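Subject: Structure handover

Hello,

Here is the structure I promised to pass on. Please open it first, then read my notes below.

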Amino acid sequence: MTRPPRIIVIGGGHAGIEAACAAAGIGATVTMITQDPQAIGRMSCNPAIGGIGKGQIVRELDAMGGRMGLLTDRAGIQFKVLNRRKGPAVQSSRAQCDRRLYQSAAQDEIAAIPNIKIAPDNVRSMTIDNNRVIAVIGDSGETYPSDAVILAAGTFLEAVTHVGAQRKSEGRFGEPPSRGLSGQLRSLGFEVGRLKTGTPPRLDGSSIDYSLCEIQPGDQPPRGFSRRRPIPIANHANCWLTYTTPETHQLITDNIGRSPLYNGQISGIGPRYCPSIEDKVMKFAEKPRHQLFLEPEGMGTDEIYINGFSSSLPAEVQLDALRTIPALRDVTMTRPGYAVEYDFFPPTQLHLTLETKPIKGLYFCGQINGTSGYEEAAGQGFVAGVNAVLAIRGEEPLILDRSESYIGVMIDDLVTLGVDEPYRMFTSRAEHRLHLREDNTERRLAHHGHRIGLVGSKEYDSLSRRWEKIDRCIEEFEKTAIPAASIPFPGIKRQGGATLAELLRIPGVSFGDLNGFGAQIAPVETLVAEAVEIAIKYEGYIERQARQIEQFKRLESQRIPADLHYLGLSGLRREAKDKFTRIRPYTLGQASRIPGITSSDIALL
């Protein structure tokens, strides 16, 4: 192909942004079709990025050339590392953001890329020729020719919002749904399901009594997300913690019949790990209270997001329930919470590249694949955008496996296992999570960004020099001996001394403590010190995990021909044939993770 690949991205949310920027960054011309260009980058729910397992995804995107980490650092008003008291395998970064600033930063980022064009339109149908998508058609009547189409429609497909008995055709508060595409895709053989998500009410911060809350400050010093393009960050705001009361629970229980979740009005399945306040009260009746975090929407507004109080109860019930909480006795609600139902496509209909199995050149990413959360959507958008271009060029696809990234864990889970409820990333989903730490993200993944052209050679060389510093420092610590006289630990004294590495393995001893033992350690950047300390302290565990990964990769390295005719394999159980035919696993490792598949099936395969 002599001209650049033409990519259509449908949607301007977090998945669409990463898809468009990644595809354009490796040479495609991109048309992003969205109903409202001013809504690109809008944070529909919580104005925060990161969290347990999610922060790792953002860091992984940054390591490969994605945008979410950079946008978060530009818009962040409070930065924290969660699980700091636990081991590095489960520590995750999180940032509270200024909602408007994040949206503005996202739009500025896209505007700075000359080969991305924004088209204000709604896609109503696709043109399919010989089982390949070749164009999309908008409500405007315009036809947009394409070499690949990335559908990142979020919660907008045939969407309906619910507040009590009130139903509206909306994909987000005050924004119209996308109609037409679901019906066409169903007619093309796609399975279509229905999911539900929700959002809490927004509050006027000036009507809250913060003296009755527990302050939740950011970390000092704060740690940002983007290590490839670091920018100055600071904590500008606090969050606050409060709790529901027995009165809150009683009021909700008395009105549960008015909840669309409980009276049959909503049929879609909601997220298990981000339940509504109705679900918390009804399903965990033994708990006397539930945590609620009061989080600022930004620096130029008094509006507060009440994290933990997602609801679709009638607006007046939501307000009455909020006022049973001491800090909120006189609160003013600026907007009620609501639930939104939308169409999604069970992700077992996708390849690991996120290209659909029924239609070539068509990629799905984000909440239409059954996920919840900005970060999960962004990770999928990046992979879809890159693979759409690589496929057109006939190049090796970007397929991240479970041992090298949380994004790989997520996509493998989606494509291999499917979903029956909105999928959310947690560190517990990753069996190799000690290897998938935040401190080694670039070392795990930057080579992918370099290969595809999103991480430049100069930048990659700089990262390589940092890794060399880490290795040299570890080697030096293993060899440098400290005499017993300088060591305040009796057990070590009796041994006649210790190396710096042995001292660093002692619980409570940090990199910064070593000079106090008489060592002369040259100053190193924080990122190097952090990586060295983790590598030495957890050496035994890391080595054991490396052996597990090596065993994992033996099955992952055994590719299965894409056109293998499973029904013709003698000796294979009928259930296994059907599942292999539907999932079309990429490797023996992926095949072994399909529910219901036995070791005998794998041996025969």
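Rings of Phe, Tyr and Trp (its six-membered ring) count as a pair if their centres lie within 6.5 Å; planes under 30 degrees apart are stacked, over 60 edge-to-face, and the rest tilted. By that rule, ring pairs join Phe190, Phe345 and Phe364 into a cluster.

A word on the source. This is a predicted model, where local features need pLDDT of at least 70, side-chain atom pairs count only at pLDDT 80 or more, and totals for chains, interfaces and linings use all residues. Residues are numbered from 1 along each chain as its sequence is written, and side-chain values use heavy atoms, without hydrogens and water.

Back to the rings. The whole structure holds 8 aromatic pairs. One of them is Tyr460 with Trp467, edge-to-face, at 5.8 Å centre to centre and 85° between the planes.

Two charges sit over rings (NZ of Lys or CZ of Arg within 6 Å of the ring centre and within 35 degrees of the ring normal). Arg289 has its charged end over Tyr243, 3.6 Å from the ring centre. Arg429 does likewise over Tyr423, at 4.1 Å.

Now the sheet. Strands (DSSP runs of E, at least two residues, numbered from the N terminus) pair if DSSP finds at least two bridges between them. Here 3 strands make an open antiparallel sheet, ordered 7-8-9. Strand 7 (123–129) and strand 9 (143–145) are at the edges with a single partner each, so one side of each has no neighbour in the sheet. Strands 7 and 8 (residues 132–138) share 6 bridges. Thr127 has Ala135 of strand 8 as its bridge partner.

Best wishes

Note on methods:
Helices (H or I, at least four residues) and strands (E, at least two) are DSSP runs, numbered from the N terminus.
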